[in-house]
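Welcome, and please open your viewer. This tour takes you from one selection to the next and tells you what is there.

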Amino acid sequence: MRRKVGISVSELQEMLDFAVEAAWQAGRVTLGHFQTGVVVEMKADDSPVTVADRNAETLLREMIKSRYPDDGIIGEEHGEEEGSSGRKWIIDPIDGTKAFVAGVPLYGNLIGVEIDGEATIGVVNLPGLNEMTYAAKGLGCWWNGKRCQVSNTDRIEDALVIVTEHKSFAKHKPGKVDELIERARLVRGWGDCYGYVMVATGRADVMLDPIMAVWDSAALQPIVEEAGGTFTDWKGSATIWGEEAVATNGVLFDDVMASIG
């Protein structure tokens, strides 16, 4: 079984179990503000933030520092804290704040763990849907307690392709997805982490984002890869540090790369 050098299977499983519990706790915090007309503030990058984002991240940081005090932490809302263990927790308290604010349940609480520079653990909690997807290198990908895997769709013409909002593609990747969208059997705009969970659980075949941050990606790469798929930037490099992302079921990877070239 593949595993990180210096960490046993049991230790990795323990970290994954903790991450799942932490994501569930963060989800409880966010649900307390969901569909309540929560006040929205705009950050410097013109993205929205709420008290739910900030409180959920504060909780996650407290839980992580209590359990793993030597680990580093990166979070969307409260920045980076250096660690000394070689492990880094990368968290997004609400991925899909625009959906959250609109009362749409397609938002997630994301936790990723990078160990010695490799994205190793990923958890996506979708509290509004009561769905939890999680994975660790060598331990498989799990969806609500059951093993899950990507689809075996082998033609774009038969594929369900998920994209984020049209404006983002027009601004950051103009014209890059037109061919893929034209060829696909079905195209839907279920954005943010939900689209990647759909690929990992075999309910969709391709997911594309024209702009990403590391806290958006860190949880997703282990999940998609352990489900048998690919998670890369638009050049095809497997990384959580890219400025964009594409997930596929693996079978369609080369065709997708050629289409968005």
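A residue counts as buried when its relative accessible area is under 20%. With that in mind, select helix 6, residues 193-200, in this predicted model. Its buried residues are C193, Y194, G195, Y196, V197, M198, V199 and A200. That makes eight of eight, so helix 6 is largely enclosed by the rest of the structure. Just after helix 6, click on G202, which takes a positive phi of about 80 degrees.

Eight strands form an open, mixed sheet in the order 4-3-5-6-7-8-9-10. Strand 4 (79-81) and strand 10 (146-147) stand at its edges with a single partner strand each, so one side of each has no neighbour in the sheet.

Now select strand 6 (residues 108-115) and strand 7 (residues 118-126), an antiparallel pair joined over seven bridges. To find one of the partners, pick N109 and look across to N125 in strand 7.

Two helices to colour come next. Helix 2 (residues 51-67) packs on the sheet and touches strands 3, 4, 5 and 6, with its direction at about 155 degrees to that of strand 5. Helix 6 also packs on the sheet, touching strands 5, 6, 7 and 8, and its direction makes about 105 degrees with that of strand 7.

Last stop: the cysteines. How many disulfides are there? The count is zero. C148 is buried, at 9% relative accessible area. C193 is in no disulfide either, as its nearest cysteine sulfur, in C141, is 13 Å away.

Conventions. Residues numbered from 1 in each chain as written. Predicted model: local features only at pLDDT ≥ 70, side-chain atom pairs only at ≥ 80, totals over all residues. Heavy atoms only, no water. Pairing = 2+ DSSP bridges. Helix = DSSP H or I, 4+ residues; strand = E, 2+ residues; numbered from the N terminus. Contact = heavy atoms within 4.5 Å. Axes fitted to C-alpha atoms, helices over the stretch in contact; angles between N-to-C directions. Buried < 20%, exposed > 50% of the residue type's maximum accessible area, 1.4 Å probe, protein only. Disulfide = S-S within 2.5 Å.
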